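This briefing covers helix packing, salt bridges, selected residues and backbone angles. The entry under discussion is shown next.

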Amino acid sequence: MITVEHKSINGIPILEVVLTERLNEILPTVVFYHGWTNLKESSLVHGYEIAKKGFRALIPEAYLHGERSKGIPVEERSLEFWDVVQHNIIEFPAIIDHYVKAGLTDQSRVGVSGLSMGGMTASAILTQYPWLKTAVVLMGSPSPISFSKWLLSSKWQTGAEIDFESKQFAPAIESLKIISLDLQPEKIAGKFIHFWHDEDDDLVPYQPTFDFYKKIKNQDYGKHVSFTTTESYGHHVPHMISVETAEFFDKHL
């Protein structure tokens, strides 16, 4: 049996998913981040599959989403996309610290995952916390600068044209460099990392992520990196990939 509990950690709403009989044990823990415009509840299927393997799965509500909405629909706040990701990155160690101090998480066995914006969060977190053991990135780009440039010229951009190369965006680009896994891939050395992306994804392009994988997979720091490619699912995570994610953590965390 699996227990799902709604908690608030430092003001962050979280769904905790764990095997009922192991609820009070020190467990390896995976934090799973949902996508842009989604809710933490939308990622429960991933939490269930991860918890079934004996992990404590934590699904936080992202800034400006769900219970943390500020009254303006998040769909109308696209320019705050990376601000949401930055909140995830900053909040991540505080969440883990809470569970470690509560005697519920083994800090030497912590993983991170997420889909779309959550996958980008997972990639970014890999650049910041060397104690993180492993990660699974689902249809999330490890290249925030190139993704942002693509997004502003894609069909998803509505309204006036935005020049990402203008001086206006220089500070934003500098802040993205700090969390760009493609600019500091050596930080994954010694970690088991898995990517999944569908070739027909038209919201987060497949090719840049696959190119990143091809570039690093033969490097010494990238020897534990793997990649699954599918087609026809678009920007949607099929259940088999949720299962694959849980199995990856089961093997490497």
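Helix 1 passes helix 7 in a right-handed crossing, where right-handed means that the near helix is turned clockwise from the far one by less than a right angle, and left-handed that it is turned anticlockwise. The model is predicted: local features need pLDDT of at least 70, side-chain atom pairs count only at pLDDT 80 or more, and totals for chains, interfaces and linings use all residues. Residues are numbered from 1 along each chain as its sequence is written, and side-chain values use heavy atoms, with hydrogens and water left out. Helices (H or I, at least four residues) and strands (E, at least two) are DSSP runs, numbered from the N terminus.

**Helix 1 and helix 7**

- The axes of helix 1 (residues 44-52) and helix 7 (residues 239-252) come within 8 Å and cross at roughly 40°; axes are lines fitted to C-alpha atoms, for helices over the stretch in contact, and angles run from 0 to 180 degrees between N-to-C directions.
- Helix 1 and helix 7 are therefore oblique to each other; angles under 35 degrees count as roughly parallel, over 145 as roughly antiparallel, 65 to 115 as roughly perpendicular, and the rest as oblique.
- On the helix 1 side the contact (heavy atoms within 4.5 Å) involves Val45, His46, Glu49 and Ile50, which meet His239, Ser242, Val243, Thr245, Ala246 and Phe249 of helix 7.
- The residues of this contact of helix 1 with helix 7 comprise five nonpolar, four polar and one charged; Ala, Val, Leu, Ile, Met, Phe, Trp, Tyr, Cys and Pro count as nonpolar, Asp, Glu, Lys and Arg as charged, and the others, Gly among them, as polar.
- His46, Gly47, Glu49, Ile50 and Ala51 are the buried residues of helix 1; buried means under 20% relative accessible area, exposed over 50%, and partly exposed in between (1.4 Å probe, protein chains only).
- These buried residues pack against strand 1 (2-9), strand 2 (12-19), strand 3 (27-33), strand 4 (56-60), strand 5 and helix 7.

**Helix 2 and helix 3**

- Helix 2 (residues 81-101) packs on helix 3 (residues 117-126) at an angle of about 50°, with the axes 10 Å apart.
- That angle makes helix 2 oblique to helix 3.
- The crossing of helix 2 and helix 3 is right-handed.
- Phe81, Trp82, Val84, Val85, Asn88, Ile89 and Phe92 of helix 2 make the contact with Met117, Met120, Thr121, Ala124 and Ile125 of helix 3.
- The contact of helix 2 with helix 3 has 10 nonpolar, two polar and no charged residues.

**Salt bridges**

- There are 14 salt bridges in the structure, each defined as a side-chain nitrogen of Lys or Arg within 4 Å of a carboxyl oxygen of Asp or Glu.
- Side chains of opposite charge can pair when their charged atoms come close.
- Glu49 and Lys52 form a salt bridge at 3.3 Å, N to O.
- Being three residues apart in helix 1, Glu49 and Lys52 are separated by about one helical turn.
- Glu49 is buried, with a relative accessible area of 10%.
- Arg22 and Glu25 are joined by a salt bridge at 3.0 Å, N to O; Arg22 is partly exposed at 28% relative accessible area, and Glu25 is partly exposed at 31%.
- In the salt bridge of Lys223 with Asp220, the closest N and O atoms are 3.8 Å apart, and both residues are exposed.
- A network of salt bridges links Glu5, Lys7, Glu16 and Arg56.

- Val112 lies in strand 5 (residues 105-115) and is buried, with a relative accessible area of 0%.
- Leaving out residues up to four places away in sequence, Val112 touches residues including Val30, Tyr33, Phe92, Ile125, Leu132 and Phe249.
- Glu199 sits in the loop between strand 7 (192-198) and helix 6 (206-216) and is partly exposed, with a relative accessible area of 42%.
- Leaving out residues up to four places away in sequence, Glu199 touches Tyr206, Thr229, Thr230 and Glu231.

**Positive phi angles**

- Most residues other than glycine have a negative phi.
- Leu64, which is not a glycine, has a positive phi of about 75°; Leu64 is in the loop between strand 4 and helix 2 and counts as buried at 2% relative accessibility.
- Ser232, also not a glycine, has a positive phi of about 80°; Ser232 is in the loop between strand 8 (225-230) and helix 7 and counts as exposed at 61% relative accessibility.
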